Number of protein chains: 4
Amino acid sequence: MTSSRQHHAAPGGASDDIEPEKRRAILHAAVHVFADKGYHGCRIADVARAAHVAYGLVYHYFRNKDELLENVLAEQWAIFTNALAAIGAGPGSAADKIAGIFGFVFDVYKTAPSAIRVLLLTRTPQGLRAGSTRETFERAVGLVADIVRQGQSRGELQPEADPTIAATSLLGGMELVLSGMVIGLVPGTSEAEVDRVRRQAVDVAIGGLRKG
Amino acid sequence: MTSSRQHHAAPGGASDDIEPEKRRAILHAAVHVFADKGYHGCRIADVARAAHVAYGLVYHYFRNKDELLENVLAEQWAIFTNALAAIGAGPGSAADKIAGIFGFVFDVYKTAPSAIRVLLLTRTPQGLRAGSTRETFERAVGLVADIVRQGQSRGELQPEADPTIAATSLLGGMELVLSGMVIGLVPGTSEAEVDRVRRQAVDVAIGGLRKG
Amino acid sequence: MTSSRQHHAAPGGASDDIEPEKRRAILHAAVHVFADKGYHGCRIADVARAAHVAYGLVYHYFRNKDELLENVLAEQWAIFTNALAAIGAGPGSAADKIAGIFGFVFDVYKTAPSAIRVLLLTRTPQGLRAGSTRETFERAVGLVADIVRQGQSRGELQPEADPTIAATSLLGGMELVLSGMVIGLVPGTSEAEVDRVRRQAVDVAIGGLRKG
Amino acid sequence: MTSSRQHHAAPGGASDDIEPEKRRAILHAAVHVFADKGYHGCRIADVARAAHVAYGLVYHYFRNKDELLENVLAEQWAIFTNALAAIGAGPGSAADKIAGIFGFVFDVYKTAPSAIRVLLLTRTPQGLRAGSTRETFERAVGLVADIVRQGQSRGELQPEADPTIAATSLLGGMELVLSGMVIGLVPGTSEAEVDRVRRQAVDVAIGGLRKG
DNA sequence: CATGAATGAGCGTTCATTCAT
DNA sequence: TATGAATGAACGCTCATTCAT
């Protein structure tokens, strides 16, 4: 669940592996600063200040800025892909599952937009940022593609659609709609608005634009 | 002294205010460097070197880095939105026009991927980058939304779909599929592959996923 | 609170004020780390790790980094100057005593090169490092100068030679020859090689280069 | 002569390869700061300030601190080894040449002690600092060893002495005597004192300590 | 127009030192 | 004693921007 590349997971006990409170604070603060200012605009000093923590402590818990932000991304992506996996493994038709994905993401957006905005930042020059991020992205696409495949084999979805391309398109549509809300191009201030946008986005993704 | 604004080539008029060759070289080089390295990775020195131009000359033609890159974005977006406008104003059904959009973008991608990758970079922290870029993005969405609206009034497209949301979703899907090709997640090496991906993406966008 | 000074083992007295085992471990580790990496390359964390001791404990026994390394130097220099004093006070001609100095140092070098390398580090910007080190260095030169003086009064050595300068020259020659071995410029891998180098160095120091 | 790893030597012309004045100023200032404070105590800001130059300019001419100080060392060593080579190739007995070496170094010390002090700093943890420095040191020893060899073949010097060891010992003696003057252990304030010390050091090096 | 040397603010990182337990 | 988390000053390096020629 929690990333913790470092900081020793206790093998045996349950209550031992407690993540240091300040480490969590740093990670938490980093999500917001990162979401607000992006990779380069996000300064270590900002994160430390937002976490109410001394500058140097960031480097006590993370080797450097890259590792810190990679942990942030990994954590948020883990939450997202775990949700995708749970939805995929759950009951319901493929259409229900796709609607469920939108439901999950838009819900999180309502309460913790930074978490979503961080996901949107993943895409960066050089394709995706070094290392694990690309795989994570690939994994997310794969999980959605699995749902599509399942729907096709059940006769619910278009059999001709390439699952990977369909999944990518679907996620991209969702992403830009969210981005549109983030920048105010698509109305998403009130909860009701967000819900309406979500329903529209789901309808377009599943039903397509063509009348019929 | 001389504002760089005056260097804009006069669109309609006589060929008097010819854009200096080196200014063009800088802009051209900037597209590639920007596409390759992103906003922060793109250094003025890189651009100057790629343009085979002296360092200081960049500052002769552009007030600063932001203005340079804004020009780059504006230019590429202008090409794109002009194409959208032309397609929208042209003949054919709404579906044809949407397919035409994909056709245009994927064609450009085949010959000048940097031009497309620059568009993909537009989305950045702080919503969209300063100034005109946001409007440009809004304009592109608006043009696609117009096509959707037209299709709805002609009875070709789903009347319940919100044109703006539909347009955003459509562009987002296209964008992420392109990104997928850029990073190699979606196969797009050969021309045939690119064409196949394009067709798939169009089908999903227009026809949706639901079996019909 | 507790000044680390009190940790010095009582030289003459009863065995009451036993030096804590961990203090010794730190000092021991510091010799090696210091010898390997020099003053600035030697981090407190390195010493603590090498001593298998907690970070903070170093600061329990030593006020700060400077004091720690001063203790290291003082200890190694004490060993050296004690040997010089013993040799000086012992029997034999001045030439024998000088040979004895080389014998002692080269022997230590064979079994504990770090101890010697630490001595070689003493010389540092700002003349010699703060505090006692300079005096220690002065004392070593003085002890050798005493041997020279003694030899002169016995009619064994050149009466015109300035004892201090001669002593300094002699130690400098020895030092650089050792440095040469440390860096591999002078062969000093096997015991036999080291012995040969020692003999050569002694001969040059005592007999000079001039044929006769 | 001048190092200039970078900054393009003009192949043809003579007056073209002018070293930029500010580059020289930086190098010059670096000699002094480096000599005063040593490698780690020498901050780029100090050098820039001493050179009356903007901080960033140091990085215009040198890739980083290491390269700057390597250039400093290389330059000073080049001066020294060139002198050694000239002395070695010149006329006179081996003893004259050795005396000439001392003469050169002590003369420089009188007018530009920093130049000598920088040479003394070369010896550093890890044997000698990275790269070229070790070779330079080796070259200096080699040049002196050549003089020794020549003297031996002419029947002027002890035939049994190992030239490399003798050369190392000789340079080491000279070095520590200089160090002694630098730190005030050996009197070297007035010119007369310096000359006296030099004569003593030469006598000890050539004649040895044994009464003959 | 064109050049590239010169400037300096900004930021990532290190590491000696302190402190609560 | 002993631990290691917490602190923050210091410094190397980058790079956008300016300026003299």
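What follows is a short exchange on a predicted model of protein chains with DNA strand F.

Residues are numbered from 1 along each chain as its sequence is written, and chains are lettered from A and ligands numbered from 1 in the order in which they are written. Local features need pLDDT of at least 70, side-chain atom pairs count only at pLDDT 80 or more, totals for chains, interfaces and linings use all residues, and side-chain values use heavy atoms, with hydrogens and water left out.

Colleague: Which residues come nearest to DNA strand F?

Modeller: A residue is near the strand if one of its heavy atoms lies within 4 Å of it. There are 30 residues around DNA strand F. Those that come nearest are Ala54(A), His60(A), Tyr61(A), Tyr59(B) and Tyr59(D).

Colleague: What share of the DNA strand F atoms within 4 Å of the protein do sugar and phosphate account for?

Modeller: Consider the atoms of DNA strand F that come within 4 Å of the protein. The sugar and phosphate share is 69%.

Colleague: How far is the polar side-chain atom of Arg43(B) from a phosphate oxygen of DNA strand F?

Modeller: Backbone atoms reach phosphate oxygens of DNA strand F too: polar ones of Ala54(A) at 2.9 Å and of Lys65(B) at 2.9 Å. For Arg43(B), a polar side-chain atom is involved, and the distance is 3.0 Å.

Colleague: Which helices each supply at least two residues of the surface near DNA strand F?

Modeller: Helices here are DSSP runs (H or I, at least four residues), numbered from the N terminus. By class, that surface has six polar, six charged and 18 nonpolar residues; Ala, Val, Leu, Ile, Met, Phe, Trp, Tyr, Cys and Pro count as nonpolar, Asp, Glu, Lys and Arg as charged, and the others, Gly among them, as polar. The helices are H3 (55-61) of chain A, of chain B, of chain C and of chain D.

Colleague: How many residues apart are Asp36(B) and Arg117(B)?

Modeller: Their side chains meet in a salt bridge at 3.9 Å, N to O; the rule is a side-chain nitrogen of Lys or Arg within 4 Å of a carboxyl oxygen of Asp or Glu. Asp36(B) sits in helix H1 (residues 21-41) and Arg117(B) in helix H6 (residues 113-121) of chain B. The pair links distant parts of the chain, and the separation is 81 residues.

Colleague: Are Arg23(C) and Glu19(C) buried or exposed?

Modeller: Arg23(C) forms a salt bridge with Glu19(C), with the closest N and O atoms 3.2 Å apart. Buried means under 20% relative accessible area, exposed over 50%, partly exposed in between (1.4 Å probe, protein chains only). Both residues are buried.

Colleague: What is the relative accessible area of His52(B)?

Modeller: His52(B) is not a glycine, yet has a positive phi of about 55°. Its place is in the loop between helix H2 (44-50) and H3 of chain B. His52(B) is exposed, and the value is 72%.

Notes. Polar contact = N/O pair within 3.5 Å; in protein donor to acceptor, adjacent residues only side chain to side chain.
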